[in-house]
Amino acid sequence: MNMSNKEIAKYLLEAESNRTDIKRITLDKSPNLTVEEAYLIQEELVNMKLEQGHSIIGPKMGLTSRAKMVQMNVEEPIYGYIFNNMVIQDGAEISLSDYIHPKVEAEIAFILGKDIEGPGITGAQVLAATDYVCGALEIIDSRYENFNFTLPDVIADNASSSRVVLGNRIRKPEELELDLVGTVLKINGVMKDLGAGAAVLGHPANSVAMLANMLHRKGEKLKAGQVILTGGITGAVQLSYGDHVTAKLDGLGEVSFSVGE
Ligand code: 0L1
Ligand code: MG
(Lines give C-alpha, C1' and ligand atoms only; values in the text may rest on other atoms or scores of the structure.)
(Ligands and ions follow the chains in the order given, each with its own letter.)
Protein backbone atom coordinates (compact mmCIF):
# COMPACT_ATOMS: atom_id res chain seq x y z
CA MET A 1 0.00 0.00 0.00
CA ASN A 2 1.31 3.46 -0.88
CA MET A 3 2.25 5.63 2.11
CA SER A 4 2.02 9.43 2.19
CA ASN A 5 5.20 11.51 1.79
CA LYS A 6 5.05 12.41 5.49
CA GLU A 7 4.72 8.76 6.54
CA ILE A 8 7.71 7.75 4.38
CA ALA A 9 9.82 10.63 5.73
CA LYS A 10 8.97 9.54 9.29
CA TYR A 11 9.85 5.93 8.44
CA LEU A 12 13.27 7.04 7.13
CA LEU A 13 13.90 9.28 10.15
CA GLU A 14 13.04 6.45 12.53
CA ALA A 15 15.50 4.16 10.74
CA GLU A 16 18.16 6.85 11.20
CA SER A 17 17.48 7.45 14.89
CA ASN A 18 17.09 3.71 15.70
CA ARG A 19 20.19 2.85 13.60
CA THR A 20 18.30 0.07 11.86
CA ASP A 21 18.42 -0.57 8.15
CA ILE A 22 15.22 -0.85 6.13
CA LYS A 23 14.23 -2.16 2.71
CA ARG A 24 14.27 0.46 -0.01
CA ILE A 25 10.94 2.26 -0.22
CA THR A 26 10.51 1.56 -3.95
CA LEU A 27 10.32 -2.17 -3.13
CA ASP A 28 6.84 -1.98 -1.59
CA LYS A 29 6.04 1.35 0.11
CA SER A 30 6.15 3.47 -3.04
CA PRO A 31 7.01 1.35 -6.09
CA ASN A 32 6.36 4.07 -8.70
CA LEU A 33 8.22 6.87 -6.91
CA THR A 34 9.65 9.47 -9.31
CA VAL A 35 12.67 11.72 -8.73
CA GLU A 36 10.38 14.75 -8.33
CA GLU A 37 8.23 12.96 -5.73
CA ALA A 38 11.36 11.74 -3.93
CA TYR A 39 12.50 15.36 -3.46
CA LEU A 40 9.08 16.09 -1.89
CA ILE A 41 9.69 13.28 0.62
CA GLN A 42 13.17 14.72 1.27
CA GLU A 43 11.53 18.11 1.89
CA GLU A 44 9.22 16.53 4.52
CA LEU A 45 12.23 14.85 6.14
CA VAL A 46 14.18 18.12 6.21
CA ASN A 47 11.20 19.94 7.76
CA MET A 48 10.90 17.25 10.44
CA LYS A 49 14.58 17.67 11.34
CA LEU A 50 14.05 21.46 11.52
CA GLU A 51 11.02 20.90 13.78
CA GLN A 52 13.27 18.76 16.02
CA GLY A 53 15.39 21.91 16.50
CA HIS A 54 18.29 21.15 14.14
CA SER A 55 19.52 23.76 11.66
CA ILE A 56 20.86 23.39 8.14
CA ILE A 57 24.54 24.22 7.66
CA GLY A 58 24.18 23.79 3.92
CA PRO A 59 23.01 21.56 1.10
CA LYS A 60 25.39 18.95 -0.30
CA MET A 61 25.86 17.35 -3.68
CA GLY A 62 26.06 13.58 -4.14
CA LEU A 63 26.73 11.21 -7.04
CA THR A 64 28.99 13.81 -8.65
CA SER A 65 31.61 11.41 -9.98
CA ARG A 66 31.27 9.99 -13.48
CA ALA A 67 31.70 6.47 -12.03
CA LYS A 68 28.76 6.89 -9.62
CA MET A 69 26.56 8.49 -12.29
CA VAL A 70 27.22 5.60 -14.70
CA GLN A 71 26.63 3.09 -11.89
CA MET A 72 23.25 4.68 -11.05
CA ASN A 73 22.48 5.39 -14.72
CA VAL A 74 21.82 9.10 -14.08
CA GLU A 75 22.62 12.27 -15.97
CA GLU A 76 22.47 14.59 -12.99
CA PRO A 77 23.87 14.42 -9.47
CA ILE A 78 21.53 14.66 -6.46
CA TYR A 79 21.41 16.91 -3.42
CA GLY A 80 20.61 16.55 0.26
CA TYR A 81 21.10 18.63 3.41
CA ILE A 82 23.71 18.67 6.18
CA PHE A 83 22.52 19.71 9.66
CA ASN A 84 24.41 21.22 12.60
CA ASN A 85 24.15 18.01 14.63
CA MET A 86 25.97 16.12 11.86
CA VAL A 87 29.24 18.04 12.29
CA ILE A 88 32.14 16.16 13.92
CA GLN A 89 35.29 17.97 15.07
CA ASP A 90 38.48 17.33 13.13
CA GLY A 91 40.47 14.61 14.94
CA ALA A 92 37.50 13.40 17.04
CA GLU A 93 36.47 9.82 17.75
CA ILE A 94 33.05 8.64 16.53
CA SER A 95 31.15 5.64 17.93
CA LEU A 96 30.38 2.91 15.43
CA SER A 97 27.21 2.14 17.41
CA ASP A 98 25.76 5.53 16.33
CA TYR A 99 25.59 4.32 12.71
CA ILE A 100 24.07 1.57 10.58
CA HIS A 101 26.90 0.80 8.11
CA PRO A 102 28.91 4.01 7.63
CA LYS A 103 31.25 4.77 4.74
CA VAL A 104 33.62 7.71 4.31
CA GLU A 105 34.61 9.79 1.30
CA ALA A 106 36.97 12.76 0.88
CA GLU A 107 35.55 16.01 -0.48
CA ILE A 108 36.15 19.74 -0.85
CA ALA A 109 33.74 22.06 0.99
CA PHE A 110 32.88 25.62 -0.08
CA ILE A 111 31.96 28.35 2.43
CA LEU A 112 29.89 30.98 0.67
CA GLY A 113 30.39 34.72 1.14
CA LYS A 114 27.39 35.71 -1.00
CA ASP A 115 24.02 34.23 -1.94
CA ILE A 116 23.98 32.31 -5.23
CA GLU A 117 20.70 32.11 -7.07
CA GLY A 118 20.10 30.06 -10.24
CA PRO A 119 19.33 29.58 -13.06
CA GLY A 120 22.34 29.80 -15.33
CA ILE A 121 25.00 29.92 -12.60
CA THR A 122 28.53 29.03 -13.73
CA GLY A 123 31.58 27.76 -11.85
CA ALA A 124 33.25 31.19 -12.26
CA GLN A 125 30.29 32.89 -10.54
CA VAL A 126 30.51 30.36 -7.72
CA LEU A 127 34.21 31.08 -7.20
CA ALA A 128 33.48 34.82 -7.05
CA ALA A 129 30.81 34.22 -4.38
CA THR A 130 32.94 31.85 -2.27
CA ASP A 131 34.84 33.10 0.79
CA TYR A 132 36.76 29.93 1.66
CA VAL A 133 37.30 26.29 0.78
CA CYS A 134 38.49 23.45 3.02
CA GLY A 135 39.00 19.71 2.96
CA ALA A 136 36.24 17.50 4.34
CA LEU A 137 35.45 13.90 5.16
CA GLU A 138 31.82 12.99 4.61
CA ILE A 139 30.38 9.98 6.42
CA ILE A 140 27.45 8.55 4.48
CA ASP A 141 25.12 6.01 6.09
CA SER A 142 22.26 4.95 3.83
CA ARG A 143 19.25 3.86 5.80
CA TYR A 144 18.69 1.09 3.21
CA GLU A 145 19.91 -2.51 3.61
CA ASN A 146 23.34 -2.98 1.99
CA PHE A 147 23.22 0.53 0.42
CA ASN A 148 20.75 -1.05 -2.00
CA PHE A 149 18.63 1.69 -3.53
CA THR A 150 17.35 3.30 -6.72
CA LEU A 151 17.79 7.01 -7.43
CA PRO A 152 14.40 8.08 -5.94
CA ASP A 153 15.11 5.98 -2.81
CA VAL A 154 18.42 7.71 -2.10
CA ILE A 155 17.00 11.19 -2.79
CA ALA A 156 14.18 10.58 -0.30
CA ASP A 157 16.82 9.39 2.20
CA ASN A 158 18.54 12.81 2.18
CA ALA A 159 21.31 11.50 -0.13
CA SER A 160 22.59 9.13 2.61
CA SER A 161 23.81 12.15 4.65
CA SER A 162 25.06 11.29 8.11
CA ARG A 163 28.11 13.27 9.37
CA VAL A 164 30.83 15.60 8.15
CA VAL A 165 34.31 16.46 9.42
CA LEU A 166 35.59 19.81 8.16
CA GLY A 167 39.33 20.47 7.90
CA ASN A 168 40.90 23.34 9.85
CA ARG A 169 42.99 24.64 6.97
CA ILE A 170 40.71 27.10 5.21
CA ARG A 171 41.93 28.84 2.08
CA LYS A 172 40.62 31.46 -0.33
CA PRO A 173 39.47 29.67 -3.50
CA GLU A 174 41.75 31.80 -5.69
CA GLU A 175 44.81 30.52 -3.79
CA LEU A 176 44.38 27.04 -5.27
CA GLU A 177 43.60 25.31 -8.54
CA LEU A 178 40.77 23.28 -7.09
CA ASP A 179 40.53 20.85 -10.00
CA LEU A 180 44.17 19.93 -9.42
CA VAL A 181 43.89 19.33 -5.69
CA GLY A 182 45.35 15.83 -5.25
CA THR A 183 43.63 13.85 -2.51
CA VAL A 184 44.64 10.65 -0.72
CA LEU A 185 42.30 8.79 1.63
CA LYS A 186 44.02 6.50 4.13
CA ILE A 187 42.76 4.18 6.86
CA ASN A 188 45.30 3.15 9.49
CA GLY A 189 48.05 4.41 7.22
CA VAL A 190 46.95 2.28 4.26
CA MET A 191 45.92 4.13 1.10
CA LYS A 192 42.28 3.28 0.25
CA ASP A 193 41.64 5.63 -2.65
CA LEU A 194 42.96 8.75 -4.32
CA GLY A 195 41.81 11.36 -6.79
CA ALA A 196 41.88 15.02 -7.78
CA GLY A 197 39.34 17.85 -7.52
CA ALA A 198 38.53 17.38 -11.21
CA ALA A 199 36.79 14.09 -10.28
CA VAL A 200 33.91 16.33 -9.16
CA LEU A 201 32.22 17.38 -12.41
CA GLY A 202 35.53 18.62 -13.83
CA HIS A 203 35.90 21.21 -11.04
CA PRO A 204 34.23 21.35 -7.59
CA ALA A 205 32.88 24.86 -8.36
CA ASN A 206 30.81 23.28 -11.17
CA SER A 207 29.12 21.14 -8.53
CA VAL A 208 28.07 24.20 -6.51
CA ALA A 209 26.86 25.90 -9.73
CA MET A 210 24.77 22.86 -10.63
CA LEU A 211 23.38 22.77 -7.08
CA ALA A 212 22.31 26.43 -7.31
CA ASN A 213 20.61 25.72 -10.64
CA MET A 214 18.85 22.62 -9.28
CA LEU A 215 17.65 24.47 -6.15
CA HIS A 216 16.23 27.23 -8.35
CA ARG A 217 13.67 24.71 -9.66
CA LYS A 218 12.04 24.73 -6.24
CA GLY A 219 12.50 28.47 -5.74
CA GLU A 220 15.50 28.18 -3.39
CA LYS A 221 18.98 29.68 -3.47
CA LEU A 222 22.34 29.05 -1.83
CA LYS A 223 22.92 31.45 1.05
CA ALA A 224 25.95 33.37 2.31
CA GLY A 225 27.53 31.49 5.22
CA GLN A 226 26.40 28.05 4.05
CA VAL A 227 28.95 25.23 3.88
CA ILE A 228 28.52 23.17 0.72
CA LEU A 229 29.92 19.65 0.29
CA THR A 230 30.69 19.32 -3.40
CA GLY A 231 30.84 15.49 -3.76
CA GLY A 232 33.33 12.68 -3.35
CA ILE A 233 36.79 13.03 -4.87
CA THR A 234 37.48 9.48 -3.68
CA GLY A 235 35.12 6.54 -3.60
CA ALA A 236 33.27 5.76 -0.37
CA VAL A 237 35.09 3.31 1.92
CA GLN A 238 33.37 1.15 4.57
CA LEU A 239 34.26 2.06 8.20
CA SER A 240 35.10 -0.45 10.94
CA TYR A 241 35.90 -0.30 14.64
CA GLY A 242 39.52 0.81 15.20
CA ASP A 243 39.84 2.75 11.96
CA HIS A 244 41.88 5.95 11.95
CA VAL A 245 40.80 7.83 8.84
CA THR A 246 42.83 10.62 7.23
CA ALA A 247 42.39 12.55 4.03
CA LYS A 248 45.29 14.65 2.75
CA LEU A 249 44.35 17.28 0.20
CA ASP A 250 47.04 19.27 -1.62
CA GLY A 251 47.09 22.80 -0.17
CA LEU A 252 44.20 22.04 2.19
CA GLY A 253 46.04 19.94 4.75
CA GLU A 254 44.78 16.89 6.57
CA VAL A 255 41.34 15.97 7.94
CA SER A 256 40.92 13.01 10.27
CA PHE A 257 38.77 11.07 12.73
CA SER A 258 38.83 7.71 14.49
CA VAL A 259 36.19 5.04 14.89
CA GLY A 260 35.52 3.76 18.41
CA GLU A 261 32.81 1.43 19.73
O1 0L1 B 1 27.47 12.01 -0.86
C2 0L1 B 1 27.22 11.16 -1.73
O3 0L1 B 1 27.78 11.13 -2.84
C4 0L1 B 1 26.25 10.08 -1.40
C5 0L1 B 1 25.13 10.09 -2.35
C6 0L1 B 1 24.29 8.88 -2.14
C7 0L1 B 1 24.86 7.65 -2.73
C8 0L1 B 1 25.43 6.72 -1.71
O9 0L1 B 1 24.89 6.58 -0.61
O10 0L1 B 1 26.41 6.05 -2.06
MG1 MG C 1 29.36 12.96 -0.46
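Mentor: The expected span of a helix is 1.5 Å times one less than its number of residues. Helices (H or I, at least four residues) and strands (E, at least two) are DSSP runs, numbered from the N terminus. This is a predicted model, in which local features need pLDDT of at least 70 and side-chain atom pairs count only at pLDDT 80 or more, while totals for chains, interfaces and linings use all residues. Residues are numbered from 1 along each chain as its sequence is written, chains are lettered from A and ligands numbered from 1 in the order in which they are written, and side-chain values use heavy atoms, without hydrogens and water.

Trainee: What span should the 17 residues of α2 have?

Mentor: At 1.5 Å a residue, α2 should span 24 Å, and its end C-alpha atoms are 24 Å apart, so the two values agree. Just after α2, Gly53 takes a positive phi of about 100°.

Trainee: Which residues of α2 are buried?

Mentor: Buried means under 20% relative accessible area, exposed over 50%, and partly exposed in between (1.4 Å probe, protein chains only). An α-helix has 3.6 residues a turn, so residues three or four places apart point the same way. In α2 the buried residues are Ala38, Tyr39, Ile41, Gln42, Leu45, Val46, Met48 and Lys49.

Trainee: What do the buried residues of α2 pack against?

Mentor: Contact means heavy atoms within 4.5 Å. The buried residues of α2 pack against α1 (5-18), β1, β2, α5 (151-156) and α6.

Trainee: How far apart are the end C-alpha atoms of helix α6?

Mentor: They are 19 Å apart; the 13 residues of α6 (residues 204-216) should span 18 Å, so the helix agrees with expectation. Buried in α6 are Pro204, Ala205, Ser207, Val208, Ala209, Leu211, Ala212, Met214 and Leu215. These buried residues pack against α2 (35-51), β1 (56-62), β2 (78-83), β5, α4 (123-129) and β10 (227-229).

Trainee: Which residues are the protein donors of the magnesium ion (ligand 2)?

Mentor: Donors are N, O and S atoms within 2.8 Å of the metal (3.2 Å for Na, K and Ca); water is not among the atoms, so sites may look incomplete. Here the protein donors are Glu105 (OE), Glu107 (OE) and Glu138 (OE), lying 2.0 Å from the ion. Their spacing in sequence is E-x1-E-x30-E. Distant parts of the chain are linked by Glu107 in strand β5 (residues 103-112) and Glu138 in strand β6, 31 residues apart. Glu107 has a relative accessible area of 0% and is therefore buried; Glu138 is also buried, at 0%.

Trainee: Which residues surround ligand 1?

Mentor: A residue is near a molecule or strand if one of its heavy atoms lies within 4 Å of it. Ligand 1 is surrounded by Lys60, Gly62, Leu63, Lys68, Glu105, Glu138, Ile140, Phe147, Phe149, Val154, Ala159 and Ser160.

Trainee: Where does a polar side-chain atom of Glu138 lie relative to ligand 1?

Mentor: A polar contact is a pair of N or O atoms within 3.5 Å; within protein, one must be able to donate a hydrogen and the other to accept it, and residues adjacent in sequence count only if both atoms are side-chain atoms. For Glu138, a polar side-chain atom lies 2.9 Å from an oxygen atom of ligand 1. The corresponding distance for Glu105 is 3.0 Å. An N or O atom in the side chain of Lys60 is 2.8 Å from an oxygen atom of ligand 1.

Trainee: Is Phe147 buried or exposed?

Mentor: Phe147 has 14% relative accessibility, so it counts as buried. This residue lies in the loop between β6 and α5, and its phi is near 55°, a positive value in a residue other than glycine.

Trainee: What is the phi of Asn188?

Mentor: Phi of Asn188 is near 50°, again positive in a residue other than glycine. Asn188 sits in the loop between β8 (182-187) and β9 (190-196). At 46% relative accessibility, Asn188 counts as partly exposed.

Trainee: Which residues does a cis peptide bond join?

Mentor: The bond joins Gly118 and Pro119, with omega about 10°. Pro119 lies in the loop between β5 and α4.

Trainee: Where does Thr130 lie?

Mentor: Thr130 belongs to strand β6 (residues 130-140) and is buried, with a relative accessible area of 6%. Its side chain reaches the backbone oxygen of Val126 at 2.6 Å.
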